[in-house]
Amino acid sequence: MSYQTTFTSESVCAGHPDKMCDQISDAILDSVLTKNPHGRVAVETLVTKNQVVIAGEVTANHQVDYQKIARDQIIKLGYTNPKCNFTDKAKINVFVQEQSPEIAQGVDQQGAGDQGIMFGYACSETDSLMPLPITLAHQLAAAIDKAREKERLSYLRPDGKTQVTVAYENGKPKEVVEVVLAVPHEESINLETVKNDVYQKIVTPVLEKHQFSIPKEKVLINGTGVWHVGGPSSDTGVTGRKIVVDTYGGYARVGGGAFSGKDPSKVDRSGAYAARYIAKNIVAHGLAEKAEVRLAYCIGQPKPLMQEVETFGAARKKNSVITDFVRQLIDTSVSGIIESLDLRKPIYLPTAAYGHFGRDGFSWEKIADM
């Protein structure tokens, strides 16, 4: 007897206010790590109407030009039109201090920079070993941005959101049943033109890559009817507010901390990357069809207090085989993760849009040669 369910995940474009904040925070992190691989960074960004606030703790051996970094990201993301009420001319307020010496003491001894729980997940639904709904949502968001940047749809403005609902039969993706998109655009372009263009040039090509299709009437674009002004003047953004988008689209459990703006001594980030690395390799090496990895750390302590693997009844090997595999794969102490995944490099800005997982080019996405 077959059974059907549906699952929905969302993503956002790179110009979404929250993602803008993630990218500014990670651009600051990369700037520090470029000159000081052992620098300490915990930076939050807030954006609103023609205002940027950068706050946090940075310990580096050089001066960081926070304002230039922020303005460069704002320009890169396309906020140059005064009609958006937010451009690179926005006022930028910087409130940054050095890391607390009490926290630094534990980190200096190769302990975790904070307590926390992290989850990693992988499944066999896609080539990237990610759930299909979040994969499609990310790829649609990236396609919207690319259509604007390459001027295939030059009337689009920065910002945007995507949402995809997938129907499953007996736990396997069967069809895409609904797509919801929000895209701001110039006032001179009518909504029907936007709908036709986005369906033909964005939705259809992305779904076809995965051998899916959807009729136009199942695609909802700009549900309120009109969206001309997006960005921070319409919706205040804050670093770390899109952690479900950043991970698995709600398909797997989510840990307690966000990623962007944090150096790898913060296990919120490095522990989540290690958990994904473990889960992906379990599935890639045929030990299970799906896997969730659970880690927990205590501030100042180097090794995890919890390290568990859940395969949801989809294991292909005994638990003892999976446990031995994980032990050989990576040392999950804080220093072991940082060294194994080579996390002290300025690699983080590209993670801050379209998800931290499921894309090539990151060490935690590599399949180990075991």
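**Strands 6 and 7.** I looked up how strand 6 (residues 161–169) meets strand 7 (residues 172–182): 9 bridges join them, and they run antiparallel. Helices (H or I, at least four residues) and strands (E, at least two) are DSSP runs, numbered from the N terminus. The bridge partner of threonine 162 is leucine 181 in strand 7.

**Ground rules.** I noted that this is a predicted model, where local features need pLDDT of at least 70, side-chain atom pairs count only at pLDDT 80 or more, and totals for chains, interfaces and linings use all residues. Residues are numbered from 1 along each chain as its sequence is written, and side-chain values use heavy atoms, with hydrogens and water left out.

I then checked the open sheet of 4 strands, which has the order 1-6-7-8 and mixed pairing. Two strands pair if DSSP finds at least two bridges between them. Strand 1 (4–12) and strand 8 (219–221) are the edge strands, each pairing on one side only.

**Salt bridges.** I found 21 salt bridges in the structure. The term means a side-chain nitrogen of Lys or Arg within 4 Å of a carboxyl oxygen of Asp or Glu. Lysine 174 forms one with glutamate 169, with the closest N and O atoms 3.3 Å apart. Lysine 174 is partly exposed at 43% relative accessible area. For exposure, buried means under 20% relative accessible area, exposed over 50%, and partly exposed in between (1.4 Å probe, protein chains only). Glutamate 169 is also partly exposed, at 29%.

Next I looked at glutamate 292 and arginine 253, whose closest N and O atoms are 2.6 Å apart in a salt bridge. Glutamate 292 lies in strand 10 (residues 290–297) and arginine 253 in the loop between helix 6 (243–246) and helix 7 (267–284), so the pair ties together parts 39 residues apart in sequence. Glutamate 292 is buried at 3%, whereas arginine 253 is partly exposed at 43%.

I also noted a network of salt bridges that links Asp18, Arg241 and Lys242.

**Threonine 351.** Where does threonine 351 sit? I placed it in the segment after helix 9 (334–340). Threonine 351 is buried, with a relative accessible area of 0%. Its side chain makes a polar contact of 3.0 Å with that of arginine 269. A polar contact is a pair of N or O atoms within 3.5 Å; within protein, one must be able to donate a hydrogen and the other to accept it, and residues adjacent in sequence count only if both atoms are side-chain atoms.

**Helix 1.** Last, I checked helix 1: 16 of its 19 residues are buried, so it is largely enclosed by the rest of the structure.
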